[in-house]
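Please keep the structure in view while reading.

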Amino acid sequence: MMSKTSKELLEQFRIQCKARGLSITPQRTAIYEALIGSEDHPRTEDIYNRVKAAFPDMSIDTVYRTLCLFAEIGFVRLVEGYGEAKRYDPDMECHHHFRCMRCGRILDFKEPRFDALEVPQQFKQTCAVSSIKVVLEGVCEQCLQKSVEP
Ligand SMILES: [Zn+2]
Ligand SMILES: [Zn+2]
């Protein structure tokens, strides 16, 4: 869960856009709002489906490019991927993921012990590591329940 309210996030979004000389179009605002209203780490397609009623003329390509731009600027984060469709994470605070290998759900969690992990020596010396994230993989509660039903 994000600690900032969507009102605060939208305000930040406007300030950041202005600071970078990006025009604040209704489309961009709608895409950003759809993002921060999502807790499912949406794909481009999901965001497109959530805004297309309000902007029937907008193409999925526009959504794709806008999301790439947002990721570049730091409005959203890309979820670590495995060669599947890109997924976006509006929660910019340090958190970790549980990923269900059956239904693809990605659940957020916080764990201070994981935040405190140290970069292994070999990478410390040779690479610039900017973040450490822990990904738990397995089967989620919902899928487990489904599999025990008769
Ligand atoms: Zn699942
Ligand atoms: Zn997340």
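H95 lies in the loop between β2 and β3 (96-100), where helices (H or I, at least four residues) and strands (E, at least two) are DSSP runs numbered from the N terminus. This is a predicted model, in which local features need pLDDT of at least 70, side-chain atom pairs count only at pLDDT 80 or more, and totals for chains, interfaces and linings use all residues. Residues are numbered from 1 along each chain as its sequence is written, while chains are lettered from A and ligands numbered from 1 in the order in which they are written.

Leaving aside residues up to four places away in sequence, H95 touches D108, F109 and K110, a contact being two residues whose C-beta atoms, placed from the backbone, lie within 7 Å. For L69, a residue of helix α4, and H96, the C-alpha to C-alpha distance is 23 Å at 27 residues apart in sequence.

| Residue | C-beta neighbours inside 10 Å | Class |
|---|---|---|
| H41 | 22 neighbours | buried |
| L69 | 15 neighbours | partly exposed |
| H95 | 18 neighbours | partly exposed |

H41 is found in the loop between α2 and α3, and its phi is near 50 degrees, a positive value in a residue other than glycine. Most residues other than glycine have a negative phi.

In helix α2 (residues 26-36), the buried residues are I31, Y32 and L35. Viewed down the axis of α2, these fall within an arc of 95 degrees, so they line one face of the helix; the arc is that of the directions from the helix axis to the C-beta atoms. They pack against α1 (6-19), α3 (44-51), α4 (60-73) and β2 (88-89).

The axes of α2 and α4 are 11 Å apart and meet at an angle of about 70 degrees, with axes being lines fitted to C-alpha atoms, for helices over the stretch in contact, and angles running from 0 to 180 degrees between N-to-C directions. That makes α2 roughly perpendicular to α4, since angles of 65 to 115 degrees count as roughly perpendicular, under 35 as roughly parallel, over 145 as roughly antiparallel and the rest as oblique. Q27, R28, I31 and Y32 of α2 make this contact with T62, V63, T66 and F70 of α4.

Note on methods: Buried ≥ 20, exposed ≤ 12 C-beta atoms within 10 Å, placed from the backbone.
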